[in-house]
Amino acid sequence: MRPENNLRLRLFQTMKFIALERLGLFVPIPGIDQKLFSSDYSNNAISNLLNVFDNNQAPKLSVFALGIIPYINATITIQILSSAFPALKKLQSEEGEIGKKKLNKITKYLSFCFAFIESLAIVLRLQKYAFDWNLYFIVQTTLILISGAMLVMWLADNISYKGIGTGASVIIFVNIASAFAKFLLNQLFVHSIKFLDFASYFALIVFSIACIVFVQEAIRKVPIISAKQLDSTSFYSNDYFLPLRINQGGVMPIILASSLLALVDYVIRYGLSTLQAVYFINDILPFKILFLLLYSAFIIFFNYLYCSLVLNCFELSNNLKKASVVIPSIRPGKMTEKFFKDTLDNLTLFGSGFLAFIVLAPNFLEFVFHIRVFKGLAVSSLLIVVGVAIDLIKQSKTYVIAKNYENMVH
Amino acid sequence: MTIYLCIAFNMVNTYIDYLRLRKYWKILNQIKKHREEIKQLTNNCLKIKTTEFKKRIKSGISLDQILPETFAVASEAAERVLGLNPYDVQMIGGIVLHEGKIAEMKTGEGKSLAASFPAYLNALTEKGVHIITVNDYLARRDYESIGKIFEFLGMKVGLINQYTPISKRKNNYLADITYVTNSEIGFDYLRDNMATQIKELTQRPFHFCIIDEVDSILIDESRTPLIISGRTKTRKDKYELAHRLANFLKKSIHYKIDEKNRTIILSDLGVITCEKILKIKSIYSAQNTWAHFIYNALKAKELYLKNVHYIVRDQQAIIVDEFTGRIMPERRWADGLHQSIEAKENLQIKEETKTLASITYQNLFLLYLKISGMTGTAKTEENELISIYSLPVICIPTYKSMIRKDLPDLIFQTEIEKLKAVTEECVKMHLLGRPILVGTTNIQKSEILSQLLNQYQIRHNLLNAKPQNVKRESEIIAQAGRKYAVTISTNMAGRGTDIILGGNLEYIIKNKITSLFKPIILTGNTQYIIIDKSLKSSGNEIRDINSNILKIINLHRQNPKLTIAEFGNSLNIASKKIKSNNEYILNLRSIYIIFENIYKKYFDIESKEVKNIGGLCVIGTERHESRRIDNQLRGRSGRQGDVGSSIFFISLEDNLLRIFGGERISKMMHTFMPSVNEPIQSPLLSRSLDSAQKKVESLHYNFRKQLFQYDQILNSQRKAIYLERRLILESNEIVAWTMAYMELTIIDILNDQYLYSHRKPRDKVLKNINKIYDLLASPISLIKIEKYTFNKKTILKQLKISYDLKKAQIDKTSCGLMKSLERSLILEQIDTNWSEHIQQMSFLKEFIGWRGYAQKDPLIEYKNESYILFIKMIRTIRQNILYLLFRAEPTLDFS
């Protein structure tokens with residue numbers, strides 16, 4: 001049982017842990033020339049590493065610099081691995097509380113490994129900024145970063161347990177949102193962009209969010225009915241359905257695609273000089289069409305791949321069978337499986353199109369109108385923010401409802 | 001190395017236990033001090049203490065403050081009334097219970113007496129204390145013995161079991177302390193909340209309960225809901241046909257069995273075969289559905305076995321409880337499964353039912369302000385007890401330390417090898433003369449083992465839920481501790497079974513006395529009985545007995561209609577040495593005492609002999625799905641510091657290992673085991689068995705926790721509805737409720753309309769207004785003018801007028817008719833809609849799990865959607881009331 005059912009108290013707890021997490025972001029790591037570091041920050045490799053998930057734009061290298069990233073990496077790895085290794089899958093779905101606990105433990109150990117690797121990767125690039133570059137510094141800084149990451153993981157756990165929402169998502173949410181706010185203020189006051197530009201930028205954001213909310217929440221309702229219910233005397237409504245999301249993969253395909261794109265870019269730039277002609281072609285074609293095409297191809301590819309990993313049609317139809325549930329007018333077994341396959345293919349096609357559109361539209365606009373204001377907020381971040389926000393609202397609602405029931409009794 | 005670690009670990013544990021219990025020893029010393037003073041008081045002074053305590057509590061003193069004194073008074077009363085001087089550990093158990101915790105006390109340590117102290121203390125608040133037992137027998141037994149303590153102290157004691165008439169229930173619930181079974185309290189709660197008149201109510205608000213065998217009720221039983229149901233139609237022919245069809249279908253060709261989830265999966269071929277045979281297009285069609293019947297028939301065929309899960313008695317299929325091994329005649333499997341089993345066994349198929357009201361034990365007991373409980377086995381489940389009921393478990397040390405030897409498991413490859421070995425072990429132990437108790441998991445297995453022992457010509461008793469064996473239960477148990485006794489039992493020999501080494505003296509004496517008097521009672525023939533010399537005793541004793549018998553016979557002449565049961569009761573009281581002035585009982589008692597004097601020496605000798613050869617030997621033939629049940633079986637041996645041993649024989653083919661063990665264990669077996677015949681006794685293997693068992697426990701726990709989380713929602717709704725219902729039932733101003741309901745209905749409709757008015761076309765607005773007037777059943781002309789310019793005020797005014805008109809019309813028939821009409825209408829609407837709502841919620845629960853496929857948390861979705869359903873239901877109730885009330889026409893009925 002969760003300890004408290006009071007929404008206000010839970011919100012307060014969430015705030016408290018978020019505040020702690022934010023605080024840690026502003027505690028600098030000792031032994032580093034932070035000024036030099038932050039001036040280099042905008043275009044160095046470290047920021048790239050840190051920027052994948054949360055737009056962590058702290059100018060300092062802080063104790064919590066790694067933040068929740070190792071944990072997220074570990075979660076994703078486990079998720080992908082579990083579709084490849086049946087033993088892991090079994091832990092997740094069949095072994096109940098103990099299995100889930102075990103999986104949690106594995107995830108945490110894995111996060112530690114990720115934290116170790118990532119912190120080492122950062123520390124090894126810090127030579128330029130360190131006051132005193134020696135083994136002691138390396139060990140100390142690595143340890144600080146790792147423990148910072150572990151501490152954030154603990155904070156996230158606390159939010160899940162005492163606050164509202166899933167801790168890790170809430171932390172990412174906060175980081176993205178704060179980065180966004182900062183970016184907006186920067187644009188307004190530091191770069192003092194024109195009001196019209198700002199307004200159009202703002203409108204675009206609102207538009208994208210609306211699009212995302214729409215598609216994120218869009219589901220295909222597959223009607224289902226159980227053998228038990230078919231026999232029931234009381235009326236049955238059409239409220240019983242199996243929802244399939246249009247954007248099944250969420251933000252993952254975008255992340256994978258952009259990572260691959262970066263890799264390709266890296267390989268071409270530094271490895272295969274013969275292929276550098278590609279850049280030339282890309283530049284002369286209008287609107288960098290080559291880049292856009294490649295990006296969307298990647299997104300579509302990864303969306304298909306990821307969806308097939310997440311949702312196994314055979315298993316789905318089998319699970320329905322186990323529960324003696326059918327889709328009206330479709331036979332259980334092979335036909336149901338085929339039905340799901342077709343439906344999912346359609347959905348994925350639509351979803352991929354949407355993802356490609358929402359990711360590339362800003363880029364496209366940027367190339368067409370040559371304005372660079374869109375860089376501030378990646379679409380992948382928007383997807384995350386919207387998803388987390390919707391979950392938070394739904395969860396808060398349950399507490400309000402619980403309160404309503406209580407009021408009825410008192 | 002490990003040994004040292006173990007020792008260190010044990011020491012730490014002992015120390016922690018010591019710290020936890022230290023507080024209680026301190027209180028115990030205070031109790032003892034008070035006891036010294038109280039010893040001097042006369043019986044009457046002791047009685048007055050109760051009123052004095054009550055006064056002090058009213059003046060604001062807390063229960064904890066007067067705990068030592070009250071415990072002292074209660075224990076003194078126990079000694080004076082029952083002749084039982086409570087042990088220290090019983091007192092400590094009592095304090096733990098008062099604190100609202102679970103006291104883990106082993107069998108034979110006197111749990112019932114321990115419960116009496118906190119019951120007395122908490123009853124002083126005059127809010128009622130319930131002592132809850134698992135069956136009628138235990139409730140009656142404790143009521144008749146322990147209950148005397150409270151009566152002695154001037155308190156009212158009540159007893160409620162399934163035979164208590166409704167009319168007496170209210171009074172018994174009003175008693176200071178009520179002995180009641182768990183199912184009765186649940187059903188009375190539900191019935192109270194379906195009552196249509198105040199005088200039908202029986203219960204007070206729940207205050208404090210002490211639950212006996214608490215783990216059985218709060219864990220094993222928590223999943224089973226108590227249901228009050230109404231009957232609906234039955235399609236006999238479908239069940240019968242489906243049964244025949246199921247017999248035709250073949251396993252692994254037409255269907256598969258999922259043992260872990262206990263379901264059947266029809267293969268594609270299976271579906272087609274069914275459809276061909278039934279000559280229908282689809283077994284899933286909504287008009288003529290077959291799927292449900294086929295699934296149930298297959299389940300009945302493969303997963304629900306006769307003499308394992310149920311027995312057939314008197315042309316009825318009766319469920320055997322998997323935890324206690326006892327039959328549960330009133331329980332039926334839901335959703336047509338029971339009907340399918342009846343079809344399978346060729347019994348009369350009973351009607352299907354519809355749930356009218358239900359509650360799970362979990363939520364029932366959470367209604368109490370304070371819960372406490374006692375059992376012999378709870379520690380392994382402490383986690384669950386804390387997280388759901390916030391009940392910590394305190395282990396109470398035994399009066400004498402436990403010296404039973406728990407031998408490591410013996411593991412065999414096949415079931416046959418295992419059974420052979422069990423039989424051989426029985427023979428070995430039997431030759432030594434040790435009493436043996438063999439525990440099996442179901443009736444079938446107990447019978448197989450019994451046959452095996454017959455082959456070796458070992459005399460034994462069989463204890464299972466079969467009627468002929470149940471009848472002899474108390475006799476079998478009473479003899480089970482004697483030399484050379486062999487008892488084969490299902491889980492029935494678990495909770496509450498007290499096996500006394502050398503045999504149960506009290507039981508055997510009572511038996512002798514009863515058989516002595518049986519002819520007199522049955523025939524009414526009051527001929528002289530003379531005890532002859534076959535009784536190994538001196539002439540003096542025989543003369544005493546005969547003179548007492550003579551006196552009793554004289555008493556019989558005055559009251560010839562005494563039944564055996566009544567005689568049994570009197571004998572019980574006589575044997576318990578409970579204070580009594582009844583001449584009859586006093587006479588019986590003197591006979592009892594003489595018998596006791598004669599037999600005691602023989603029993604003492606036998607008891608000593610049995611102890612010398614090693615005490616009771618418990619043999620388990622299978623690990624259960626929960627360690628608690630295993631521990632229950634083990635606990636039959638080594639009671640009150642006796643010697644004894646326990647050992648489990650296990651095979652790889654046992655259900656637990658086959659279904660949940662995984663491949664690792666069987667692989668390990670093959671590497672360890674040289675040949676098929678030899679067993680293996682390895683700590684490593686035992687550990688993996690333990691982990692398999694823990695896995696199952698956790699699986700069940702998970703299931704219960706999930707059920708609990710979902711059930712919490714229904715529970716809040718139930719609380720809200722029941723409260724509203726109760727308020728209406730008790731209200732004198734029913735008009736206020738009706739008016740409020742009607743106004744809310746109208747406001748609801750108008751709000752719908754205001755909310756979307758800018759978007760909705762005009763006729764939609766009109767439709768809503770018309771709907772209101774339609775509900776009001778008022779002539780359309782009245783509203784014509786206001787068609788477009790309506791407002792809330794006028795409509796509400798119209799409502800009031802219409803209502804007054806209706807009231808006048810109805811009250812004209814008979815004064816006050818409107819009031820009773822309103823009340824019964826509202827209550828009826830609440831009941832029917834609530835029942836429908838329960839059904840809707842169960843469907844919602846079934847389907848909400850699929851939301852996970854859209855990465856949505858089913859629980860959150862369930863919470864949100866069930867709230868919508870609930871609000872819808874409330875609106876329907878209100879609207880129906882409005883509608884029906886205005887359509888009620890008074891007709892005079894002269895019949």
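Chain A has a secondary structure of 16 helices and four strands. The model is predicted. Chain B contains 34 helices and 21 strands. This briefing covers the two chains, a helix pair in chain A, and selected residues of both chains.

**Chain totals**

- Of the 410 residues in chain A, 46% are buried.
- Chain B has 895 residues, and buried residues make up 53% of them.
- The accessible surface of chain A is about 21,000 Å², with 67% of that area belonging to carbon and sulfur atoms.
- In chain A, among contacts with a sequence separation of 6 or more, 74% are between residues 24 or more positions apart.
- In chain B, 75% of the contacts between residues at least 6 apart in sequence join residues at least 24 apart.

**Helices α1 and α7 of chain A**

- Two packed helices are described by the angle between their axes and the distance between the axes.
- Helix α1 of chain A spans residues 7–25 and helix α7 of chain A spans residues 135–162; their axes come within 9 Å and cross at roughly 175 degrees.
- An angle over 145 degrees counts as roughly antiparallel, and α1(A) and α7(A) are therefore roughly antiparallel to each other.
- On the α1(A) side, the contact is made by A:Arg10, A:Gln13, A:Thr14, A:Phe17, A:Ile18, A:Leu20 and A:Glu21.
- On the α7(A) side, the contributing residues are A:Val152, A:Leu155, A:Asn158, A:Ile159, A:Tyr161 and A:Lys162.
- By class, the residues of this contact between α1(A) and α7(A) are seven nonpolar, three polar and three charged.

**A:Pro30**

- A:Pro30 sits in the loop of chain A between α1 and α2, the latter covering residues 34–41.
- The relative accessibility of A:Pro30 is 42%, so A:Pro30 counts as partly exposed.
- Leaving out residues up to four places away in sequence, A:Pro30 touches A:Phe137, A:Gln140 and A:Ile144.
- A:Pro30 and A:Gln140 are 110 residues apart along the chain, and their C-alpha atoms are separated by 9.4 Å.

- The UniProt record places the feature "binding site" at B:Gln90, B:Gly108, B:Glu109, B:Gly110, B:Lys111, B:Ser112 and B:Asp498.
- B:Glu109 lies in the loop between β1 (102–104) and α5 (111–123) of chain B.
- The relative accessible area of B:Glu109 is 5%, so B:Glu109 is buried.
- Apart from residues up to four places away in sequence, B:Glu109 touches B:Val89, B:Gln90, B:Thr398, B:Tyr399 and B:Gln640.
- B:Lys111 belongs to helix α5 of chain B.
- With 15% relative accessibility, B:Lys111 counts as buried.
- B:Lys111 touches B:Met105, B:Asp212, B:Glu213, B:Met374, B:Thr375 and B:Gly376, again not counting residues up to four places away in sequence.

**B:Asn182**

- B:Asn182 is located in helix α9 of chain B, which runs over residues 182–192.
- At a relative accessible area of 5%, B:Asn182 is buried.
- Beyond its neighbours within four places in sequence, B:Asn182 is in contact with B:Ile132, B:Thr133, B:Val134, B:Ile217, B:Tyr361, B:Leu364 and B:Phe365.

**Positive phi values in chain B**

- Most residues other than glycine have a negative phi.
- B:Glu126 is not a glycine, although its phi is positive at about 65 degrees.
- The position of B:Glu126 is the loop between α5 and β2 (129–133) of chain B.
- B:Glu126 counts as partly exposed, at 37% relative accessibility.
- B:Lys279, likewise a residue other than glycine, has a positive phi near 55 degrees.
- The loop that holds B:Lys279 lies between α12 (268–278) and α13 (291–302) of chain B.
- B:Lys279 is exposed, with 74% relative accessible area.

Conventions:
Residues are numbered from 1 along each chain as its sequence is written. Chains are lettered from A and ligands numbered from 1 in the order in which they are written. This is a predicted model: local features need pLDDT of at least 70, side-chain atom pairs count only at pLDDT 80 or more; totals for chains, interfaces and linings use all residues. Side-chain values use heavy atoms; hydrogens and water are left out. Axes are lines fitted to C-alpha atoms, for helices over the stretch in contact, and angles run from 0 to 180 degrees between N-to-C directions. Angles under 35 degrees count as roughly parallel, over 145 as roughly antiparallel, 65 to 115 as roughly perpendicular and the rest as oblique. Contact means heavy atoms within 4.5 Å. Ala, Val, Leu, Ile, Met, Phe, Trp, Tyr, Cys and Pro count as nonpolar, Asp, Glu, Lys and Arg as charged, and the others, Gly among them, as polar. Buried means under 20% relative accessible area, exposed over 50%, partly exposed in between (1.4 Å probe, protein chains only). UniProt positions are given in the numbering used here, feature names are shortened, and annotations may be inferred rather than shown by experiment. Accessible areas come from the Shrake-Rupley method with a 1.4 Å probe; for residues, only the protein chains shown count as cover.
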